[in-house]
Number of protein chains: 2
Amino acid sequence: MAEHNLEHTIALLTRTPATLDALLRDLPEAWTRRNESENTWNAFDIVAHLIHTERTDWMPRARIMLQSGESRTLEPFDRSGYVRESQGRTLVQLLDEFARLRKESLAGLRALDLRPEDLTLRGRHPAFGVVTLGQLLATWAAHDLTHLHQLSRVMAHQYREAVGPWAAYLGVLKCAGHSSPA
Amino acid sequence: MAEHNLEHTIALLTRTPATLDALLRDLPEAWTRRNESENTWNAFDIVAHLIHTERTDWMPRARIMLQSGESRTLEPFDRSGYVRESQGRTLVQLLDEFARLRKESLAGLRALDLRPEDLTLRGRHPAFGVVTLGQLLATWAAHDLTHLHQLSRVMAHQYREAVGPWAAYLGVLKCAGHSSPA
């Protein structure tokens with residue numbers, strides 16, 4: 001069961017870079033550079049955040065959990081870290097970078113050759129306390145989806161007025177966002 | 001301004017089939033055939049719904065508005081129509097069909113060679129009353145995004161338990177859905 005889920009997780013993680021690429025590459029900046037309100041993220045920021053998590057969160061945390069278990073608390077994740085990933089870069093550069101990093105991460109994950117029982121290995125999260133490797137890897141996939149969810153909402157927001165009365169039928173325009181606590 | 005938006009709308013509409021294809025083609029059925037609860041849609045149903053709207057909603061309605069203006073009320077949209085689109089078909093077949101239909105729709109839209117002032121042309125919606133062609137076309141793009149938003153939520157739901165305590169940080173798991181009235 002656990003092994004089965006890991007293959008599902010990898011299947012999803014493998015597809016995210018191409019999904020974002022198909023949606024965002026060369027899309028007009030009216031879609032990709034506009035956000036929902038002050039201090040919210042646009043598409044560009046979201047891809048930069050995915051790059052930052054790819055560098056600092058998933059595989060680095062998995063390796064710490066495998067090496068040190070509960071004895072070493074994971075570093076808190078820096079939610080503002082995306083800013084330095086995006087400075088002076090184009091969205092096309094970010095999409096390419098994310099695809100490259102994800103490919104490396106997945107090669108690293110496969111190289112670990114995890115057995116089903118490895119997914120029950122424990123680590124220590126700075127806020128949650130004990131977590132398992134399986135939970136971390138499932139979160140990696142769900143995190144891709146939460147940002148696809150956010151991205152579709154941010155983009156739809158740009159047409160909030162343009163759709164006129166049809167706004168009543170468009171669920172995405174009723175989504176208030178569900179941001180994480182800082 | 002109106003003309004500018006039409007190019008943005010077409011840019012988004014052009015990318016949706018490849019986006020869904022990149023995400024869903026050959027993804028395990030644990031992601032694509034599971035829904036959120038009884039009588040809700042899975043990924044397969046969502047693509048079938050997009051096919052049904054492509055056949056019956058956007059360009060057919062645009063043509064009625066261009067030909068008859070407010071004098072002919074648009075047909076109500078059949079929300080259960082997706083069922084017959086999906087019977088006996090695989091997800092790969094649905095993805096291919098959606099891509100083909102969208103390409104045809106966009107060729108038809110371009111062939112209309114709409115001028116900015118055409119977007120203010122009016123039609124009559126069965127529930128809303130007077131609507132404009134520009135609102136219909138903007139809704140077409142926002143409708144793609146509302147279903148990408150739904151799709152990411154339905155898929156993330158499958159990992160609701162697997163992520164353990166990280167559920168607290170994943171906004172998509174807090175989204176209650178925002179379904180349209182029937």
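This is a predicted model: local features need pLDDT of at least 70, side-chain atom pairs count only at pLDDT 80 or more; totals for chains, interfaces and linings use all residues.
Biologist: Why are helix 3 and helix 6 of chain A called roughly parallel?

Modeller: Helix 3 (residues 43-56) of chain A and helix 6 (residues 91-112) of chain A pack at an angle of about 25 degrees, their axes being 9 Å apart. Angles under 35 degrees count as roughly parallel, and the two helices are therefore given that description. The crossing of helix 3 of chain A with helix 6 of chain A is left-handed.

Biologist: Which residues in helix 3 of chain A meet helix 6 of chain A?

Modeller: From helix 3 of chain A come Phe44(A), Val47(A), Ala48(A), Leu50(A), Ile51(A), Glu54(A) and Arg55(A). Their counterparts in helix 6 of chain A include Leu94(A), Phe98(A), Leu101(A) and Arg102(A). The residues of this contact divide into ten nonpolar, one polar and four charged.

Biologist: What makes helix 3 of chain A roughly antiparallel to helix 7 of chain A?

Modeller: The axes of helix 3 of chain A and helix 7 (residues 133-157) of chain A cross at roughly 170 degrees and come within 10 Å. An angle over 145 degrees counts as roughly antiparallel, so the term applies to this pair. Among the residues that make the contact are His49(A), Leu50(A) and Glu54(A) of helix 3 of chain A, with Trp140(A), His143(A) and Asp144(A) of helix 7 of chain A. Here the division is five nonpolar, five polar and two charged.

Biologist: How many salt bridges does the rule find over all chains, and how many across the interface of chain A and chain B?

Modeller: The count over all chains is 30, whereas the interface of chain A and chain B has zero. That contact takes 56 residues from chain A and 56 residues from chain B. The area buried between the two chains is about 5,100 Å², with 71% given by carbon and sulfur atoms.

Biologist: How do you know that helix 6 and helix 7 of chain B are roughly antiparallel?

Modeller: Helix 6 (residues 91-112) of chain B and helix 7 (residues 133-157) of chain B pack at about 160 degrees, with axes 14 Å apart. With the cut-off for roughly antiparallel at over 145 degrees, the two helices are therefore classed that way. Their crossing is left-handed. Arg102(B), Ser105(B), Leu106(B) and Leu109(B) in helix 6 of chain B meet Leu137(B), Trp140(B) and Asp144(B) in helix 7 of chain B. These residues comprise four nonpolar, one polar and two charged.

Key: Residues are numbered from 1 along each chain as its sequence is written. Chains are lettered from A and ligands numbered from 1 in the order in which they are written. Side-chain values use heavy atoms; hydrogens and water are left out. Axes are lines fitted to C-alpha atoms, for helices over the stretch in contact, and angles run from 0 to 180 degrees between N-to-C directions. Helices (H or I, at least four residues) and strands (E, at least two) are DSSP runs, numbered from the N terminus. Angles under 35 degrees count as roughly parallel, over 145 as roughly antiparallel, 65 to 115 as roughly perpendicular and the rest as oblique. A crossing is left-handed if the near helix is turned anticlockwise from the far one by less than a right angle, and right-handed if clockwise. Contact means heavy atoms within 4.5 Å. Ala, Val, Leu, Ile, Met, Phe, Trp, Tyr, Cys and Pro count as nonpolar, Asp, Glu, Lys and Arg as charged, and the others, Gly among them, as polar. Buried area is the accessible area (1.4 Å probe) that two parts lose on being put together, summed over both. A salt bridge is a side-chain nitrogen of Lys or Arg within 4 Å of a carboxyl oxygen of Asp or Glu.
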